[in-house]
Amino acid sequence: MTAETPDLLAASVRSALEKVIDPEIRKPITELDMVRSVDADDAGNVTIAIALTIVGCPAATAIENDVRQTAEAVSGVASVAVDVGVMTPAERTALVERLRGAKRAMPFTPDSMTRVITITSGKGGVGKSTVTANLAVALAKRGLAVGLVDADVHGFSIPGLLGLVPGAVDADGEPLIVSPTRVGEMILPPVAHGVKVISIGMFVDDTQTAVAWRGPMLHRTLGQFLTDVYFGDLDVLLLDLPPGTGDIAISVGQLLPHAEVVVVTTPQPAAADVAERSGRVARQTGQTVVGVIENMSGMVQPDGTVLDLFGAGGGEDVARRLSEGQDSPVPLLASVPLSIALRDGGDTGHPIVLSDPRDPSSIAIEQAADSLQRRGRGLSGRKLDLSPR
């Protein structure tokens, strides 16, 4: 062997480590300066020193295993030792500034390439959060980078709907990261089914905790979710709003006046009347209503007939009435039928668009995702490209 062989082997290993992705930040660990050193000897023994973002990093085991397996796969490597350390405060500060910039600022401005869509309803109990969670996963299935903010602070349910609960494991049986990680003033959101998720439910000790906050606290929390949480480069950011036209709806209008709005309703006239109000309030703040989703529409019976438990036509009625107040018509994006499988998926944290793609409710939600993806929005005279990256 030549004297340079260990150096070449170390360089090959470092190059291979570019494929190791931090599961929270979703960037290569080499790009994040998490690889401090790679050394090799003449016998092919390799020692790698890595620096995790914080003490007790929830992704520590996953990163260490990925580093070890990646290095062991490099030709010429006989053994791998991984020394795990932690970034210094200065290194963490540099990382945060590189990812987010030196100043805390709203990343989702009108000039941002991220499309912001709020999901709202006039009243509770219409399945808005279930639709939102499945819609987010359906968009992520298409290869889009998707973020989801659970803005329903008082009635948070998104973590459970996506399976981000203590003790959850992934498809390989490995523990899921279900709580945000704080790196300095930056918050790294957990990822579920390809969607980056943040919710106040991730910050309470018990999911039965009642969050009794009023307007100023709600506004501050929403602002922190939008500025302090590192979502990275998103194609789409969804916000699951609380029902009605209260403080959060007003705050969203102030913070994200360019956001697009999807209204969720059920078929009966009483729900449709209230749903229309939520769309009109959003429009008063400058937002544009881009569609209506009717949930809990008819249930298909074994003989093929449809049972309209909650009536019919409410979604079309809301879309028609909201179309009267703006230049572009408001389409009915989908009618999602009543489905036991859809409800089961919400209870178990397995979105139906993944667990049962042939279920009629899954097909309807996919239809809504297709419609939103095709729509695009104006951006500095151009159309936003939502094609998979």
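**Figure 1. Composition and lining of the largest pocket in the predicted model.** The lining of the largest pocket divides into 11 nonpolar, 3 polar and 6 charged residues. The structure shown here and in the other panels is a predicted model. The largest pocket holds about 560 Å³ of space. Its lining comprises 20 residues, and Pro23, Ala62, Asp170, Glu174 and Pro175 are those that lie nearest the centre of the pocket. Helix α2 gives the most to this lining, with 5 residues.

Figure 2. Strands β1, β2 and β3 form an open sheet of 3 strands in the order β1-β2-β3, with mixed pairing. Strands β1 (35-40) and β3 (79-86) are the edge strands, each pairing on one side only. From one strand to the next, the twist averages 15 degrees. Strand β2 (residues 45-52) pairs with β3 in the parallel sense, over 8 bridges. Within this pairing, Leu52 has Val86 of β3 as its bridge partner. Helix α1 (residues 5-16) packs on the sheet and touches β1 and β2. The direction of α1 makes about 140 degrees with that of β1. Helix α2 (residues 60-72) also packs on the sheet, where it touches β2 and β3. The direction of α2 makes about 150 degrees with that of β3. Helix α2 is also the element that gives the most to the lining of the largest pocket.

Figure 3. Ala51 lies in strand β2. With a relative accessible area of 1%, Ala51 falls under the 20% limit and is therefore buried. Apart from residues up to four places away in sequence, Ala51 touches Met34, Arg36, Gly85, Val86 and Met87. One of these contacts, Val86, is the bridge partner of Leu52 in β3. Ala51 and Asp83 are 32 residues apart in sequence, and their C-alpha atoms are 8.6 Å apart in space.

Figure 4. Met87 is placed in the loop between β3 and α3 (89-100). Its relative accessibility is 5%, so Met87 counts as buried. When neighbours within four places in sequence are left aside, the contacts of Met87 include Leu32, Asp33, Met34 and Arg36. Met87 and Asp33 are 54 residues apart in sequence, with a C-alpha to C-alpha distance of 9.4 Å.

**Figure 5. The largest cavity and the elements that line it.** The model contains 2 cavities of 30 Å³ or more. The largest cavity has a volume of about 80 Å³. It is lined by 12 residues, and Thr120, Leu241, Ala249, Ser278 and Ala282 lie nearest its centre. Strand β4 (115-121) and helices α7 (247-255) and α8 (269-284) each supply at least two residues of the lining. Helix α8 gives the most, with 3 residues. By class, the lining of the largest cavity has 6 nonpolar and 6 polar residues and no charged residue.

**Figure 6. The second largest cavity.** The volume of the second largest cavity is about 40 Å³. The residues that line this cavity include Thr130, Ala133, Asn134 and Leu161. Leu342, Gly345, Gly346, His350, Pro351 and Ile352 also belong to the lining. Helices α4 (128-141) and α10 (340-348) each supply at least two of the lining residues. The lining of the second largest cavity consists of 5 nonpolar and 5 polar residues, with no charged residue.

**Figure 7. Helix α9 and the elements that cover it.** Helix α9 (residues 314-323) is mostly covered, with 7 of its 10 residues buried. The buried residues of α9 are Gly314, Gly315, Val318, Ala319, Arg321, Leu322 and Ser323. Residues three or four places apart in an α-helix point the same way, because the helix has 3.6 residues a turn. The elements covering the buried residues of α9 include strands β11 (260-265), β12 (288-297) and β15 (332-337), together with helix α8. Helix α8 also supplies 3 residues to the lining of the largest cavity.

Definitions and conventions
Residues are numbered from 1 along each chain as its sequence is written. This is a predicted model: local features need pLDDT of at least 70, side-chain atom pairs count only at pLDDT 80 or more; totals for chains, interfaces and linings use all residues. Side-chain values use heavy atoms; hydrogens and water are left out. On a 1 Å grid over the protein atoms alone, a cavity is a set of points where a 1.4 Å probe fits but cannot get out, and a pocket is an open set with protein on both sides within 12 Å along at least five of seven lines; lining residues have an atom within 4 Å of a point. Grid points are joined across faces, edges and corners, and a volume is the space filled by probe spheres set on the points. Helices (H or I, at least four residues) and strands (E, at least two) are DSSP runs, numbered from the N terminus. Ala, Val, Leu, Ile, Met, Phe, Trp, Tyr, Cys and Pro count as nonpolar, Asp, Glu, Lys and Arg as charged, and the others, Gly among them, as polar. Two strands pair if DSSP finds at least two bridges between them. Axes are lines fitted to C-alpha atoms, for helices over the stretch in contact, and angles run from 0 to 180 degrees between N-to-C directions. Contact means heavy atoms within 4.5 Å. Buried means under 20% relative accessible area, exposed over 50%, partly exposed in between (1.4 Å probe, protein chains only).
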